[in-house]
Amino acid sequence: MKVGLLTFHNAINYGAALQVYASQKAIKSLGAECEVIDYVNESRKNAYNTNYHAFQQLKNKKIISSLKYFLGGIFLSSRKQKFLKFYDKNLICTKKTYKNMKEAETLNEKYDKFIVGSDQVWNYKNNGRDFSFLLEFVKNKSKKISYSSSFGLASIPEEYKNLYIKNLKDIKNISCRESCGIELIEELTGRKAQLVLDPVFLLSKKEWLSLCNIKPSKFKYIFSYTNKPNQWENFIEKTNYQIEDKKVYKISKNLKINDFLSSKIKISYSISPIEFIETIANAELVVSASFHCIAMAIILNVPFVAILVGDKGKDERVLNILRITGLENRIFNERMTEKEINTPIDYEVVQEKLDKYIKSSVKFLKDSIFN
């Protein structure tokens, strides 16, 4: 059984890297051959090209924004090299790169099944408005599988609704990562999709740690991975959390000059996907707005606080996994206290809740591939 996997496989993004690695490993563990389709349309090609974005901003006379992209490129360059090394070492991809739907159509006879997912592959803002990511290029409907695909959207604009409806109806085995995605599919097509876990949960803590070379940290530290300005500062201010003898390791697009000058702060912007796992595993506490950072903290049994961003579509990713694991009390709010943050998480209970979903997720994947 040969499976072609379509996802965001070359993104310079920790979540994307971990989910594609886990997806391919999980599919292979079921006994299928699996290749990641090296599908890179124009939008995905430029997604992490800071020079491209800087010039676009310059064209629109947004000088400050353009400068930020140029400066960001310096940090991203180092991170990019580490990601490419991770992908080269850990993924099996098609030798050919496919740039558009017409080129992807030549793959129809190569694979017995096509799987799309996970990540926000159904977010038209992220996939370049390219319905290849809903497997439109696959002629045989019985070959189409969606595993843990995510919209990252609360609704679909009218101009795209018919295309979403047509393509979602054509996917034989359809699953989604979030409850709101399940509701959206039913609203658009009348179909009931299955709720499954993100593929990172299909690998155990032991399997993730086997990738790492974890050494005891010389310092106690908190790992902060945020995506909006002042999320970390707001967390500290509202909770009055005492850092005391700890350092703060930070990944953020919104770093400040003081972040580079303070002896208490270490910038971790350019770490590799493996170092990302190691940094989470060794942390005393993880404070993050990233779904995959929170997911890895849960898998590695590390205390965490989840920050919501106020976007229904994006927040649902975090809310969904916290509902499944019974960890909604780890969501940051303005009344959150240090005592609540330091209350230990019973990860044995969490794992029992997760195991039920892991079992049904693996069953969905196996039945979809082999039946």
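**View 1. Helices α13 and α15 pack at an angle of about 110 degrees, with their axes 8 Å apart.** Axes are lines fitted to C-alpha atoms, for helices over the stretch in contact, and angles run from 0 to 180 degrees between N-to-C directions. The two helices, α13 and α15, are therefore roughly perpendicular, a term for angles of 65 to 115 degrees. Ile321, Ile324 and Thr325 of α13 meet Val350, Lys353, Leu354 and Tyr357 of α15, where contact means heavy atoms within 4.5 Å. Five residues of this contact of α13 with α15 are nonpolar, one is polar and one is charged. Ala, Val, Leu, Ile, Met, Phe, Trp, Tyr, Cys and Pro count as nonpolar, Asp, Glu, Lys and Arg as charged, and the others, Gly among them, as polar.

This is a predicted model, in which local features need pLDDT of at least 70 and side-chain atom pairs count only at pLDDT 80 or more, while totals for chains, interfaces and linings use all residues. Residues are numbered from 1 along each chain as its sequence is written, and side-chain values use heavy atoms, with hydrogens and water left out.

**View 2. Helix α13 (residues 312-325) has a kink of about 25 degrees centred on Val318.** Helices (H or I, at least four residues) and strands (E, at least two) are DSSP runs, numbered from the N terminus. The bend at a residue is the angle between axes fitted to the seven residues ending there and the seven starting there. Just after α13, Gly326 adopts a positive phi of about 70 degrees.

**View 3. Ten of the 14 residues of α13 are buried, so this helix is largely enclosed by the rest of the structure.** Buried means under 20% relative accessible area, with a 1.4 Å probe and protein chains only. Among these buried residues are Gly313, Asp315, Val318 and Leu322. Their cover includes α7 (179-189), β6 (194-195), α12 (291-299), β11 (304-306) and α15 (347-370).

**View 4. The axes of helix α4 (residues 63-90) and helix α11 (residues 273-282) come within 8 Å and cross at roughly 100 degrees.** That angle makes α4 roughly perpendicular to α11. Lys82, Phe83 and Phe86 of α4 form the contact with Pro273, Ile274 and Glu275 of α11. Four residues of this contact of α4 with α11 are nonpolar, none is polar and two are charged.

**View 5. Ala11 lies in the loop between β1 (2-6) and α1 (14-29).** Ala11 is buried, with a relative accessible area of 2%. Leaving aside neighbours within four places in sequence, Ala11 is in contact with Ala16, Arg44, Tyr48, Phe83 and Tyr87.

Definitions and conventions
Angles under 35 degrees count as roughly parallel, over 145 as roughly antiparallel, 65 to 115 as roughly perpendicular and the rest as oblique. The expected span of a helix is 1.5 Å times one less than its number of residues. Buried means under 20% relative accessible area, exposed over 50%, partly exposed in between (1.4 Å probe, protein chains only).
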